[in-house]
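Hi everyone, thanks for making the time. I'd like to walk you through one structure today, so please have a look at it first.

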Amino acid sequence: MPALLRRVGRLAVVLAVVTVITFLLVAALPGDVALDIAGADASAEDVAEIRAEIGLDRPLVVRYLDWVSGIVIGDWGQSWRTGERVWDAIVQRLPASLELMLLAQVVAVSLAIPAALLCARAPDGRVDRAIGFLAFGSVSMPSFMTAVLLILLFSLTLGWLPATGYEPLSAGLWENLRPMILPALSLGLVEWTALMRTLRAEMIGVLQENYIALARAKGMSDRRILVVHALRPSSFSMITLLGLQVGRLMGGSIIIEQIFGIPGVGRLLVTSVFSRDFMMIQGCVTFFALAYVLVNFCTDLAYARLDPRVRGFGGKAGAHG
Amino acid sequence: MADVAAPLPKSGVAAVEARHAEAIAAHRRRRRLGPVFWIPAAWLVALILAAAAAPWLGLAPPDEIDWMAIQVPPGSEGHVLGTDVLGRDILSRLLHGARVSLTVGFAAPAIGVGIGLALGLAAGYFRGWVDEVVGVLIDAWLAIPGLAVLLLFSAVFGGSLSMVCLSLGLLFIPAAARITRAQTLSYANREFVLAARAMGASDARILLREVLPNIIWPLMAFVMIDIPIAIVIEGALSFLGLSVKAPTPSWGGMIAEGREHIEGASWISLIPTAAMFVTVLSFNLAGDVLRRRFADTREAAL
């Protein structure tokens, strides 16, 4: 599988470039960390000592290599502010973020599939246009605005759901899900449109195929054709998109976690930026990038499994026409 | 034979003419942009004009505190859209905030597409190692979540309007570069490019005079999709307090400020929310109509 190997190699290069970009950006952050840690009335010697202690007196290249080699062997460093290990801090906050993103995708997919089926059934019909317009409205409503409206309606006016907070799964399933509903809706209500459009377009194409005509000629019902015969072959692009959307979801989760007070990785990143916790920022951004790249790599693998035409991985799509 | 055949061409001509007229009418129908374009366009033009003229409209300055009218609802005397918790006029803040949103909305995609265009042209035309390097850079840039990059940028460079435009613009590079590269690849070996090369044209001349004019329109369609996206991201940034600094009003900042008082004075948040929604929706709708038009024109030209 030389194609697979080449991809893995490229992946490694991409990740290396990511670490360089992140490191340079963080290194450019203004303010002297050593001075921050030492406090305003520390002597110059104290500051110099702290600087030497956390290794800030070394050249940039050395600091970078030190940090990256640490990541390779699993040592992500530790926060200069709280002393927390970066990796532990991320892993501890990961469940909340993962749950949020997963629930948001569930919302998005469960809206997108029925909507796309309805649209593809009669393209350019009344239903199709109505859903299309709804999608335009939905995509014009950024998640932070949806969040504010949902909180106003469901927490403050109706009092059905909490506006902030997070309960771990150990507190019980419903206790855990309840405060996650509004955040997941805020994110999912934006993301479903892209999925719906992709699925709709591909499904309209699939419905032109001969085997669909055959199924129709056999007297199969519209619904059965759409769900049983057309959905799977139409869903390839949507699956790729699900992977690509992880990047946007991570971006969206940063702001949604902030609004709803969910202790996730995104919130960790925002807090670290505000407190200029360099090691933590570097760790979080690298972690996000790593997650994104791996998810998309796995999406490609899943795609190859679903679509027998893409077995070769090097892009032999369409070998069977 | 002749008298039998004679009427036939006549009716044939009539049929052809009729079909022709029908085609022209259909074409006209398609050329008409319709209310789905004109209503959003009217809102956008009005907004742009009002935002540009904001300081001269006779409104209270956006940071002026009216002690006599703290947190008054919309429709109050002297404050058409009411005031916020500090007694600042919401209409004035809305229009001044629109300047930020619109500036970022136009400038950021322009910067991103400009850089992406250069990278994509180079990658698609020279191929080889240039292509590899550009590809890796773009993949790496895509892997970092945009909001994380923006958080870092705003922390590094502070919240001036030009820095927000620039850092947001960087986010639009990857997609623009990929589209340009794909388009360039498809044109790089066309006959007219080969002819230009055979005549001894330089690479720069071929790129600028032969390739660029062909790929610029699909890219323009792409810019139109980017404008609302840029406005939304700027909104998110200012909502987090990481866009332009405090006294300068911005829509996201107004929504965030009003959030704490949303129970008693929901209009403080809801008015900028509505403004942003209508504006982004307008850009999306008008942009979609124009994009289809571009696609039609290109198909017709082929």
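This is a predicted model: local features need pLDDT of at least 70, side-chain atom pairs count only at pLDDT 80 or more; totals for chains, interfaces and linings use all residues.

Residues are numbered from 1 along each chain as its sequence is written, while chains are lettered from A and ligands numbered from 1 in the order in which they are written.

Let's begin with chain A. Its secondary structure comes to 14 helices and zero strands; helices are DSSP runs of H or I with at least four residues, strands are E runs of at least two, and both are numbered from the N terminus. Along the principal axes, the C-alpha atoms of chain A fill a box of roughly 85 × 60 × 35 Å. Of its 321 residues, 36% count as buried. Buried here is 20 or more other C-beta atoms within 10 Å of a residue's own, exposed is 12 or fewer, and partly exposed is in between, with C-beta atoms placed from the backbone. Among contacts in chain A with a separation of 6 or more, 70% join residues 24 or more positions apart; a contact is two C-beta atoms, placed from the backbone, within 7 Å.

Now, the two chains together. How many residues does each chain bring to the contact? Chain A brings 37 residues and chain B brings 34 residues. On the side of chain A, H1(A) gives the most, with eight residues. That side divides into 31 nonpolar, five polar and one charged. For the classes, Ala, Val, Leu, Ile, Met, Phe, Trp, Tyr, Cys and Pro are nonpolar, Asp, Glu, Lys and Arg are charged, and the others, Gly among them, are polar.

H11 of chain A, residues 222-234, has 13 residues, yet its end C-alpha atoms are only 16 Å apart, short of the 18 Å a straight helix would reach at 1.5 Å a residue. That expected span is 1.5 Å times one less than the number of residues. Where is the kink in H11(A) centred? The kink is about 25° and centred on Val228(A), the bend being the angle between axes fitted to the seven residues ending there and the seven starting there. The buried residues of H11(A) are Leu226(A), Ala230(A) and Ser234(A), and what covers them includes H5, H9 and H10 of chain A.

On H14(A), residues 278-306, sits Val295(A). Val295(A) is partly exposed, because 18 other C-beta atoms lie within 10 Å. Leaving aside neighbours within four places in sequence, Val295(A) is in contact with Gly243(A) and Val246(A).

Asp124(A), in the loop between H5 and H6 of chain A, has a phi near 70°, a positive value in a residue other than glycine. Asp124(A) counts as exposed, because it has 10 C-beta neighbours inside 10 Å. Over in chain B, Arg127(B) lies in the loop between H4 and H5 and has a positive phi of about 50°, although it is not a glycine. With 14 C-beta neighbours inside 10 Å, Arg127(B) counts as partly exposed.
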